[in-house]
Amino acid sequence: MKKGLLTIILCGLLFGVRAQVFNTSSVLGKGRFEVGFEPSLMVYDGSNEFNMFLHGGAGLGNGADLGMKVGVLGEETYLGGDVEFAINRNFSFSAGAHHFYEFGLDMTALLTLPVSSSASIVTGLDLDIVFEEEDTEIPVWLPLGVHVGVGNGWTFVMETGIKLSDVGYHFLGAGFNYRF
């Protein structure tokens, strides 16, 4: 029953989403799925915006998975997705696209640093190419995250995106993922 309900939710997300990256370097195996939620705060120069992100993923096989994200409680709906490729056990690269105020392309390289059998630190580099009406912006972030397995397929995730460029926003979020 639970797997069926989660599969229905995931399929709904797959059909309604374009693309973006959720910062985890773990690639799902073929036939594996993941869903999650992450209340988040985006800090712009002088203002803040809350959003509730819903995440989904499906393993494609051959060291690749498809990820998607939708932000539902912000001023603007966020729609995004990506394809992630495992380079090795602790390093991945993803590319995708999103729409959040403007259309953009996403590229992320992530490194996982295991701390224990159930906890890891994730970092890397996240870059977007955002196509605005009159110009193109390239925000860059340093993602830092902590992932802690809490049992029965659940993982607690806390992450931040530190803005490294003049454009963009700082990001802070925490939530849970469920793999099946």
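K163 is buried, with a relative accessible area of 15%; buried means under 20%, exposed over 50% and partly exposed in between, using a 1.4 Å probe and protein chains only. This is a predicted model: local features need pLDDT of at least 70, side-chain atom pairs count only at pLDDT 80 or more, and totals for chains, interfaces and linings use all residues. Residues are numbered from 1 along each chain as its sequence is written, and side-chain values use heavy atoms, with hydrogens and water left out.

**Overall architecture**

- The protein chain has 1 helix and 11 strands. Helices (H or I, at least four residues) and strands (E, at least two) are DSSP runs, numbered from the N terminus.
- Starting at the N terminus, the order of elements is α-β-β-β-β-β-β-β-β-β-β-β.
- Of the 180 residues in the protein chain, 43% are buried.
- Among contacts in the protein chain with a separation of 6 or more, 45% join residues 24 or more positions apart. Contact means heavy atoms within 4.5 Å.
- The protein chain exposes about 9,300 Å², and carbon and sulfur atoms supply 63% of that area. Accessible areas come from the Shrake-Rupley method with a 1.4 Å probe; for residues, only the protein chains shown count as cover.

**Salt bridges**

- The count comes to 2 salt bridges. The rule asks for a side-chain nitrogen of Lys or Arg within 4 Å of a carboxyl oxygen of Asp or Glu.
- K163 and D45 form a salt bridge through their side chains, at 3.3 Å from N to O. K163 lies in strand β10 (residues 154-163) and D45 in the loop between β1 and β2 (47-61), so the pair ties together parts that are 118 residues apart in sequence.
- D45 is exposed, with a relative accessible area of 66%.
- R179 and E34 also meet in a salt bridge between side chains, at 2.8 Å from N to O. R179 sits in strand β11 (residues 170-179) and E34 in strand β1 (residues 33-44), so this pair ties together parts that are 145 residues apart in sequence.
- R179 is partly exposed, at 25% relative accessible area. E34 is buried, at 10%.

**Nonpolar core**

- The largest nonpolar core has 7 residues: M42, F53, Y78, F100, W141, Y169 and F171. Such a core is a set of buried Ala, Val, Leu, Ile, Met, Phe, Trp, Tyr and Cys residues joined through side-chain atoms within 4.5 Å.
- Leaving aside neighbours within four places in sequence, F171 is in contact with E38, S40, L41, M42, F53, E159, T160 and G161.

**Nonpolar surface patch**

- F85, I87, F91, F93, M107, L111, L113, V115, I121, V146 and M158 form a nonpolar patch on the surface, with about 890 Å² of accessible area together. Patches are made of residues with over 30% relative accessible area and no salt bridge; like charges are joined within 9 Å, and nonpolar side chains (Val, Leu, Ile, Met, Phe, Trp, Tyr) within 5 Å.
- Two or more patch residues come from each of β4 (78-88), β5 and β6 (102-114). The largest share, 3 residues, comes from β6.
- L111 lies in strand β6. L111 is partly exposed, at 34% relative accessibility.

**A95 and its surroundings**

- A95 lies in strand β5 (residues 91-100). A95 counts as partly exposed, at 31% relative accessibility.
- Not counting residues up to four places away in sequence, A95 touches D82, V83 and D106.
- A95 and T108 are 13 residues apart in sequence and 6.6 Å apart in space, C-alpha to C-alpha.
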